[in-house]
Amino acid sequence: MVDGIQVTGVNAWFGSVHVLKGIDLAMAPKAVTAIIGPSGCGKSTFIRCLNRMHEVVPEARVSGTVLVEGEDVYAAGVDPVQVRRRIGMVFQRPNPFPTMSVFDNVAAGLRLAGIRRRADLQEAVERALRQAALWDEVKDGLDKSGTSLSGGQQQRLCIARALAVDPAVLLMDEPCSALDPIATARIEELILELRGALTIVIVTHNMQQAARVSEATAFFLMGELVEFGVTRELFTNPRDKRTEDYITGRFG
Amino acid sequence: MTARTRRVVNRVMGELTALAAGLVILPLLLIFGFLLFQGASAINVDFFTHLPKPVGEDGGGMANAIIGSLILVGLAACLGLPIGILGGVYLAESRDRRMPWLVRFLADVLNGVPSIVIGIFAYALVVLPMRRFSALAGAVALAVIMLPIVVRTSEELVRLVPSSLREAALALGIPEWKVILRVVLPTARAGIITGVMVAVARVAGETAPLLFTAFGNRFWHQGLDQPIAALPLQIFAYAIAPYDDWHRQAWAGALVLIGMVFIVSLAARVATRGRFSGVR
């Protein structure tokens with residue numbers, strides 16, 4: 001079995017607009033890979049191609065192969081629902097389900113996958129909340145509304161919700177862009193703790209964040225992968241002129 | 001603008017909006033007060049428990065019409081609400097462009113069709129083949145009147161649910177139909193119930209489409225394939241009759257009708273209240 005994520009020749013379109021052009025990228029298992037690049041360069045589209053969320057948008061298309069732990073998620077007969085169960089996702093803005101309590105939010109994925117036993121649910125919810133470093137703050141208010149938490153807590157709740165189904169991969173789409181620096185720091189600590197447990201791909205606008213949390217970094221520009229390498233090398237000694245211009249703030 | 005004029009304008013506009021809000025509920029209060037004044041004296045236990053008495057005899061009630069209206073509206077809701085809510089979900093969630101546009105347009109046209117015409121439609125569809133006026137025919141007419149209201153409000157409310165919630169649920173590996181059933185509809189619940197109650201209140205008072213479908217009945221409910229009494233029909237019949245005690249009973253019937261709509265709305269809200277609110 002091949003671990004991690006292997007992406008070969010991935011192209012993506014919105015209608016007739018070609019937003020990802022022939023991406024080849026291999027993301028190491030149980031490590032953090034950061035995707036950086038200016039707005040509109042296709043980095044969000046790229047991670048949405050990994051869990052087949054790109055095709056949810058009307059008139060969006062994908063081609064190429066994506067191997068997650070050796071399995072082609074775009075192979076004929078593969079159910080996108082099954083793919084998404086193994087690949088968790090956290091979005092830019094915290095989006096807990098407003099009609100559900102903290103507990104129900106975390107249990108949502110498990111319940112809808114058919115797990116009913118109260119004890120199993122309780123165990124999984126506690127484990128996910130501890131993993132997301134939220135347990136101590138919410139353990140006395142598990143039946144409160146998920147939207148009553150602060151923004152940073154809501155985002156950690158969304159991380160717990162994604163972790164509860166025990167995914168092999170966690171995709172994070174600018175998870176800190178709506179949070180203040182303190183909440184951001186907590187999420188970053190959390191990413192460092194989760195490293196080693198599962199494969200994480202994080203899209204970020206914040207280059208310091210990429211440098212702090214990731215082992216490998218990919219730089220995207222106008223739908224193309226410009227450079228991919230070990231994070232420290234990419235930031236200290238970029239091979240491509242465009243990467244250097246971007247990380248030194250000369251454009252973007 | 002000086003600080004003083006700004007404060008005065010602010011004050012005046014504030015009062016004006018409050019006045020407008022008061023004027024909105026004034027007609028309801030006047031109607032309710034007038035009905036109480038005219039009809040309260042005819043309301044007693046007999047009114048809720050007895051059949052109408054023959055002309056010339058005192059007393060009697062409208063129990064048959066109260067039960068008849070509950071049956072008619074209940075049956076209409078059973079027919080109209082599932083179709084209406086599912087239709088609204090389709091209009092909001094479908095990726096197709098042309099078909100939803102057509103359905104939306106036709107639903108708005110249907111909403112504008114006079115209710116008596118819908119009564120004729122139910123007459124042709126149900127009464128003629130069955131060769132009999134019936135509760136079923138009345139319920140079909142009322143359900144057709146409910147449909148466009150329920151479809152359009154459900155659609156609007158489902159649209160109001162942020163797409164980020166749908167994405168969060170889909171990304172958890174939840175199939176689309178479950179996402180709609182367990183995340184989208186609960187989030188839109190409070191608003192959809194408002195729309196449903198508007199539709200129920202609207203048909204509870206409909207008279208014209210029942211004239212040649214439910215037809216009315218002076219006796220207890222005898223089965224869904226038989227003519228059935230309804231409060232609006234009975235109010236109409238009593239109001240145009242030349243007897244003073246019937247007029248009083250007609251007023252009382254109107255009062256009971258408003259009271260029933262009020263109680264059903266309230267009960268629906270309480271019974272379906274979620275623990276946390278979604279979109280209103």
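Chain B has 11 helices and 0 strands, where helices (H or I, at least four residues) and strands (E, at least two) are DSSP runs numbered from the N terminus. This is a predicted model, in which local features need pLDDT of at least 70, side-chain atom pairs count only at pLDDT 80 or more, and totals for chains, interfaces and linings use all residues. Residues are numbered from 1 along each chain as its sequence is written, while chains are lettered from A and ligands numbered from 1 in the order in which they are written.

**Chain B as a whole**

Begin by selecting chain B. Along its sequence the pattern reads α-α-α-α-α-α-α-α-α-α-α. Taken along the principal axes, its C-alpha atoms fill a box of roughly 70 × 65 × 35 Å. Of its 280 residues, 39% are buried; a residue is buried if 20 or more other C-beta atoms lie within 10 Å of its own, exposed if 12 or fewer, and partly exposed in between, with C-beta atoms placed from the backbone. Among contacts in chain B between residues at least 6 apart in sequence, 75% join residues at least 24 apart. Two residues are in contact if their C-beta atoms, placed from the backbone, lie within 7 Å.

Next, colour chain B by domain. The assignment gives domain 1 (3–42) and domain 2 (45–271), with bounds that come from an automatic or database domain assignment. The C-alpha centres of these two domains of chain B are 29 Å apart. Where they meet, 8 residues of domain 1 of chain B are in contact with 8 residues of domain 2 of chain B. The domain 1 side of this meeting has 5 nonpolar, 3 polar and no charged residues. In this count Ala, Val, Leu, Ile, Met, Phe, Trp, Tyr, Cys and Pro are nonpolar, Asp, Glu, Lys and Arg are charged, and the others, Gly among them, are polar.

Select helix H5 (residues 115–130) of chain B. From first C-alpha to last, its 16 residues reach 21 Å, close to the 22 Å expected at 1.5 Å a residue; the expected span is 1.5 Å times one less than the number of residues. H5(B) bends by about 40° at B:Tyr123, the bend being the angle between axes fitted to the seven residues ending there and the seven starting there. Highlight B:Ile118, B:Gly119, B:Ala122, B:Val126 and B:Val127, which are buried in H5(B). The buried residues of H5(B) pack against H6 and helix H9 (208–211) of chain B.

Move on to helix H6 (residues 135–160) of chain B. Its 26 residues should span 38 Å at 1.5 Å a residue, and its end C-alpha atoms, 37 Å apart, agree with this. H6(B) bends by about 30° at B:Met146, and the proline B:Pro148 follows within four residues. Is H6(B) enclosed or open? Of its 26 residues, 22 are buried, so H6(B) is largely enclosed by the rest of the structure.

**Where the chains meet**

Now display both chains. Here 20 residues of chain B are in contact with 22 residues of chain A. On the chain B side, the elements that give two or more residues are helix H7 (163–171) and helix H8 (176–204) of chain B. H7(B) gives the most to that side, with 6 residues. By class, the side of chain B that touches chain A has 10 nonpolar, 5 polar and 5 charged residues.

**Chain A**

Finally, select chain A, which has 10 helices and 10 strands. Its radius of gyration is 18 Å, close to the 18 Å that the globule rule gives for 252 residues, so chain A is as compact as a globular protein of that length. The radius is taken over C-alpha atoms, and the rule is 2.2 Å times the number of residues to the power 0.38. Along its principal axes, the C-alpha trace of chain A spans about 55 × 45 × 35 Å. Buried residues make up 48% of chain A.

Zoom in on A:Val68, in strand E4 (residues 60–68) of chain A. A:Val68 is buried, with 22 other C-beta atoms within 10 Å. Leaving aside residues up to four places away in sequence, A:Val68 touches A:Ile5, A:Val73, A:Arg86, A:Ile87 and A:Val169.

Step to A:Glu69, in the loop between E4 and strand E5 (71–72) of chain A. Its phi is near 50°, a positive value in a residue other than glycine. A:Glu69 is partly exposed, with 16 other C-beta atoms within 10 Å.

End at A:Asp166, in the loop between helix H6 (151–164) and strand E7 (169–173) of chain A. Phi of A:Asp166 is also positive, near 60°. A:Asp166 counts as partly exposed, with 17 C-beta neighbours inside 10 Å.
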